[in-house]
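Work through the exercises below with the sequence and the model at hand. Try each task before reading its solution.

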Amino acid sequence: MAVSKFHAAEALCGEVFSAGAFAGTEWEGCTFSGCRFEGTDLSGVLMADCRFEGCVFTLVPLGGAVLRNLFFSGCRFTGLCFGDCMPFGFEVDFVDSELDNCTFTRLKMKSVRFEGCRLRECFFGDCGLSAARFPDTAMPGTVFEGCDLRKADFRSATDWTLDPRTNLVSGARFADGNLAGLLHGFDIVIE
C-alpha cells in the first residue's frame, strides 16, 4: 500500500506495513483492523483519534511519535518503548490487549485505562498514572517505579506488585483480599 502524507477517517483492514511505510505521515480519525506493525517505524508520526482493533505491534520504534486519543482493542504489543513518544498530549486506552516487555517512562497518563489486559513484564517509570484504571487486568512481572498512582484503581487487577515507598499511592483503590502486592518489597511471608 502506498502511504501519502495525511490521512483522515480512513479504514484499513489486514494491512502489513513495511518498516518505512509511515515516515512523515499524519493520521486522524482512522481505524486499523487486523493490521500488522512488525518493525514498522512510527518515529515522528502523528496519530490522533484513531482506533486499532486486533492489530499486532512488534518492536515498533516510537521516537518522537505523537499519540493522541488512541484506542487499542484486542491488540498485541511486544517490546515497545512508549516513553520514546512525545509526552505532550500522550493519551491512549487499552482494552482486551496483551502488552509484553513494554516500557512507559516519563509520561503523563492520567485516567489511562487498561481493561481486561495482560501486562507481562512491563515497566512504568516516573509516570503520572493518577486515576488510572486496571479493571480485570493481570500484571505478572510488571514494575511501577517512581509513579504517581494516586486514586488509581487496582481493585480487580491481579498479579500486581508495587512498592508504596517508591510510588505515590494516596487514595488508590485495592481489593481487601488482594493487598499482598503492596507488601512485596518488605521481604515478609504472608500465609
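Predicted model: local features only at pLDDT ≥ 70, side-chain atom pairs only at ≥ 80, totals over all residues.

Residues are numbered from 1 along each chain as its sequence is written, and side-chain values use heavy atoms, with hydrogens and water left out.

**Exercise 1. Describe the overall fold.**

Step 1. Take the secondary structure: the protein has zero helices and 19 strands. Helices (H or I, at least four residues) and strands (E, at least two) are DSSP runs, numbered from the N terminus.

Step 2. Take the extent. The C-alpha trace spans about 60 × 25 × 25 Å along its principal axes.

Step 3. Check the contacts (heavy atoms within 4.5 Å). Of those between residues at least 6 apart in sequence, 3% join residues at least 24 apart.

Step 4. Count the buried residues (under 20% relative accessible area; exposed is over 50%, partly exposed in between; 1.4 Å probe, protein chains only). Buried residues make up 42% of the 191.

**Exercise 2. Find where Leu-59 and Ser-111 sit, and give their phi values.**

Step 1. Leu-59 has phi near 50°, a positive value in a residue other than glycine. Its place is the loop between β9 (56-58) and β10 (66-68). Leu-59 counts as exposed because its relative accessibility is 58%.

Step 2. Ser-111 has phi near 65°, again positive in a residue other than glycine. The loop between β15 (103-105) and β16 (113-115) holds Ser-111. At 33% relative accessibility, Ser-111 is partly exposed.

**Exercise 3. Trace the salt bridges of Arg-118.**

Step 1. The structure holds 10 salt bridges.

Step 2. Arg-118 pairs with Glu-98, with the closest N and O atoms 3.3 Å apart. Arg-118 lies in β17 (residues 118-120) and Glu-98 in β14 (residues 98-100), so the bridge ties together parts 20 residues apart in sequence.

Step 3. Arg-118 also meets Asp-100 in a salt bridge, at 2.9 Å from N to O. Asp-100 lies in β14 and Arg-118 in β17, so this pair ties together parts 18 residues apart in sequence.

Step 4. Arg-118 is partly exposed at 29%, Glu-98 is partly exposed at 34%, and Asp-100 is buried at 11%.

Step 5. Widen the view: Glu-98, Asp-100, Arg-118, Arg-120 and Glu-121 are linked in a salt-bridge network.

Note on methods:
Salt bridge = Lys/Arg side-chain N within 4 Å of Asp/Glu carboxyl O.
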